[in-house]
Amino acid sequence: MRHIAAYLLLQVGGNASPSAADVKKVLGAVGIEADDERLDKLISELEGKDVAALISEGSSKLASVPSGGAIAVASGGAAAAGAPAAAEEKKEEKKEEEKEESDDDMGFGLFD
């Protein structure tokens with residue numbers, strides 16, 4: 001992902017077709033060492049292609065992927081069984097918040 005992100009940053013910055021050296025320079029600026037094999041594969045696969053068109057094509061493919069809504073409907077009984085556990089977690093969270101808000105342990109208040 002870091003190679004792709006660096007490649008896209010270079011394109012957004014105005015470099016129409018970034019080279020492997022350009023991507024290495026961007027990654028090196030933030031202390032990341034580039035993987036030459038992956039970088040060469042990325043550059044060769046993106047060579048001569050419009051990245052904006054690839055992104056829009058990928059977005060349309062992702063739109064057809066199920067996002068898990070059917071699973072929640074099919075396991076409605078399990079979700080109902082987990083509801084008491086969720087209520088207990090909320091109670092525990094409230095107790096922790098009360099402890100955090102107390103500044104008696106520190107010996108001073110925010111507006112003292």
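**View 1. Surroundings of H3 in the predicted model.** Beyond its neighbours within four places in sequence, H3 is in contact (heavy atoms within 4.5 Å) with V23, L27, A34, D35, R38, L39 and L42. H3 belongs to helix α1; helices (H or I, at least four residues) are DSSP runs numbered from the N terminus. With a relative accessible area of 6%, H3 is buried; buried means under 20% relative accessible area, exposed over 50% and partly exposed in between, for a 1.4 Å probe and protein chains only. The model is predicted: local features need pLDDT of at least 70, side-chain atom pairs count only at pLDDT 80 or more, and totals for chains, interfaces and linings use all residues. Residues are numbered from 1 along each chain as its sequence is written, and side-chain values use heavy atoms, with hydrogens and water left out.

**View 2. Crossing of helices α1 and α3.** Two packed helices are described by the angle between their axes and the distance between the axes. The axes of α1 (residues 2-12) and α3 (residues 36-46) come within 10 Å and cross at roughly 50°. Axes are lines fitted to C-alpha atoms, for helices over the stretch in contact, and angles run from 0 to 180 degrees between N-to-C directions. The two helices are therefore oblique to each other, the class left after roughly parallel (under 35 degrees), roughly antiparallel (over 145) and roughly perpendicular (65 to 115). The crossing of α1 past α3 is right-handed, that is, the near helix is turned clockwise from the far one by less than a right angle.

**View 3. Residues at the α1–α3 contact.** From α1, H3, I4 and Y7 meet R38, L39, L42, I43 and L46 of α3. By class, this contact has six nonpolar, one polar and one charged residues. Ala, Val, Leu, Ile, Met, Phe, Trp, Tyr, Cys and Pro count as nonpolar, Asp, Glu, Lys and Arg as charged, and the others, Gly among them, as polar.

**View 4. The largest nonpolar core.** This core has 11 residues in all: A6, Y7, L10, V23, L27, A34, L39, L42, I43, L46 and V51. A nonpolar core is a set of buried Ala, Val, Leu, Ile, Met, Phe, Trp, Tyr and Cys residues joined through side-chain atoms within 4.5 Å. Helices α1, α2 (20-29) and α3 each give two or more residues to the core, and α3 gives the most, with four. Not counting residues up to four places away in sequence, L27 touches R2, H3, A6, I32 and A34.
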